[in-house]
Each structure stands twice: as structure tokens, then as C-alpha cells.
Amino acid sequence: MGLDCASVIYLLCFLLVIVNAQRSADRAYKPVVIVHGIWDKRTSLDFMANRIREVHPGTSITVVDLLHGTSSLAPMWEQVEAFGAVARQINTENPNGIHLLCYSQGGLVCRGMIETLSDLNVSTFVSLSSPQGGQYGDSFLRLIFHKAVKKTVHRIFYTSPGQRYSVANYWNDPHHQASYIKHSKYLPYIDNVIPEATNESYRTNFLRLNKLVLIGGPDDGVITPWQSSHFGFFREDESVENMEDRDIYKQDLFGLMSIQNRTKIYTVEGVYHHQWHQNISVIDTCIIPHLD
């Protein structure tokens, strides 16, 4: 039985609605999962989240509400498990992938999630002023342990009791590398620098990223050296070895060299550590363009 003209027009309109809906779905922004840093409060990263919503209306944004304040000193692997569970649930509901936007210590938590969780589909990883190369500085140290001194704190951090604190898990003393490799329970593992603990799946998982964004700058005042936010770190003489000169890059231990053509590095002057997530220029220029 043939269709009359009105029925044909109705059918065409219906199909057009379906096609447009599919196109809108294809253009929808991926969910953004935001992970805070050490000592942060529940509301610390709300400004950044709200700015993303302004510029990308309709974006699902989750500022993960876990491990604030002193709880942020929990061991890093415990944080990977806790934050990872939230990210996995959001990813399950959004199988096309999520973005991870991770600030300060949170950037190291997120890297651990990306490398160890094979079922986590992360499109873009934004590491915002995060000590990816490790930390070795008094200004940061005294935010947490007021009387500690960087030259001697290895005596505490590189022990089993010391490793119960998150910062000790990525404290990278250039003068005591043997102790760092032997006792640190986190950063040398995700860097894949311990021969007997090398895990090829860490590299495989890291290389599933579509994009890596590294943001930091010389006026940070907390991340030490500031180049750690770009995977640089101190040599033994405390000169800075940039990412491209480090073994973790040259040997491609977890994929840092292989992902270079999908890596965007920003060096921004005039931004102190606690200002990164409240600086509209940084958010608009360095972060939002990568949250497709």
C-alpha cells in the first residue's frame, strides 16, 4: 500500500530528527573527571569546573569528592584505587572515553590510574602543575611537614613508616637515588625504572591516550624543580635535566617518547602554584581546547 504525501513528509521529518540527534551526540563533549591535589578542599577546583561548563555547555564534569585535606596524604596506590573506582564508573557510563584533568599531586594519581587500569578509556590527560618527575624542594615539603628539611628528610621518607605518606611516594632525592629506587613505593614503579618490576602493560596503557597535556611554569613556587611538571628533574648536582634528556624518555620506559607527537607542553610565567586552577587564561588557553 503506497504512502500519501503527508505520510512521506512526516517520515522524512522523523528521519531528519534522528540524523540531527545523532550528529548532536557525535559533537557532545566527553565527560571530564577532575582530581584534586594535596591539602585541597571540596570546593578548591570548582572555579575551573564552572569555567569549563561556561565554555562547553552540557559537559558532564565530576570533581571527585574524595580524600580531601589531611586524607590527601594517604599512600598513592590507595589514592589510585579510590579515584580510579570513580573514573571507571563514569567511563562505564560513557564508553567512548573520558578526559582526566588532574592538579598537582592529583596528576601523579591520574598517571597511576592510566597506566594500571587497562579498562579505563582516557582520551585526554591534562596534568596541571603536577610533579611528574618527582619532588625535591623545601617550599613544598614545609606545606606538609613544617620542620622538615629536604636534605635530611630522606631518612624518614625512604623507610616503611615514611612511605605511608603520599609525598614520600614521589619524593625524588637526587643525592640518594639508590634509596629512592629501593624504598619508594610509587613513582619509580610507574616510571618503570625498576628492572625486576618492569611492567609492559603500563606502557601499553599509557600509549592508549589520544593526547597528553603538560602545564607548568617557572613561577610556580611549589613544584621543585618546576620542570618536573614537564617530566624534568634534578641531576645529582641539582642542575635540571629536561624530559628529553632523561632515561625514562630516551628508553621510552612507559611511552613518553612514543607519545611525543600527541603531547602538548605549556610553559606559563607568572602563575603561582595555588593559582593555576583559578587562572582564566590558563583554563581557556591551555585546558579547554583539549577537552573535545
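Student: Let's start with serine 104: buried or exposed?
Tutor: This is a predicted model, where local features need pLDDT of at least 70, side-chain atom pairs count only at pLDDT 80 or more, and totals for chains, interfaces and linings use all residues. Residues are numbered from 1 along each chain as its sequence is written, and side-chain values use heavy atoms, leaving out hydrogens and water. The cut-offs are under 20% relative accessible area for buried, over 50% for exposed and partly exposed in between (1.4 Å probe, protein chains only). Serine 104 comes out at 3% relative accessibility, so it counts as buried.

Student: Which loop holds serine 104?
Tutor: Serine 104 isn't a glycine, yet it has a positive phi of about 55°. To place it, you need helices (H or I, at least four residues) and strands (E, at least two), which are DSSP runs numbered from the N terminus. Serine 104 sits in the loop between β3 (98-103) and α4 (105-116).

Student: What is the relative accessible area of glutamate 238?
Tutor: Glutamate 238 is in the loop between β6 and β7 (240-241). It isn't a glycine either, but its phi is positive, about 70°. Glutamate 238 is partly exposed, because its relative accessible area is 25%.

Student: Where is proline 225 found?
Tutor: The peptide bond leading from threonine 224 to proline 225 is cis, with omega near -10°. As for its place, proline 225 is in the loop between β5 (211-216) and β6 (233-234).

Student: Which residues touch the most other members of the largest nonpolar core?
Tutor: A nonpolar core is a set of buried Ala, Val, Leu, Ile, Met, Phe, Trp, Tyr and Cys residues joined through side-chain atoms within 4.5 Å. The largest one here has 53 residues, and those touching the most other members are Leu100, Met113 and Leu256.

Student: And which residues does leucine 256 contact, leaving aside its neighbours within four places in sequence?
Tutor: Contact means heavy atoms within 4.5 Å. With those neighbours set aside, the partners of leucine 256 are Phe206, Leu212, Phe231, Met243, Ile248 and Tyr249.

Student: How are α2 and α12 oriented to each other?
Tutor: Axes are lines fitted to C-alpha atoms, for helices over the stretch in contact, and angles run from 0 to 180 degrees between N-to-C directions. The axes of α2 (residues 46-55) and α12 (residues 280-287) come within 10 Å and cross at roughly 55°. Under 35 degrees counts as roughly parallel, over 145 as roughly antiparallel, 65 to 115 as roughly perpendicular and the rest as oblique. So α2 and α12 are oblique.

Student: Which residues of α12 make the contact with α2?
Tutor: The α2 side brings Phe47, Met48, Arg51 and Val55. Facing them from α12 are Ile280, Ile283, Asp284 and Ile287.

Student: What separates the C-alpha atoms of isoleucine 181 and valine 193?
Tutor: Isoleucine 181 belongs to helix α8 (residues 177-183) and is partly exposed, as its relative accessible area is 29%. Leaving aside neighbours within four places in sequence, isoleucine 181 is in contact with Pro188, Val193 and Ile194. Isoleucine 181 and valine 193 are twelve residues apart along the chain, and their C-alpha atoms are separated by 8.1 Å.

Student: Zooming out, what percentage of the chain's residues count as buried?
Tutor: The chain has twelve helices and eight strands, and its C-alpha trace spans about 85 × 40 × 30 Å along its principal axes. Of its 292 residues, the share that counts as buried is 49%.
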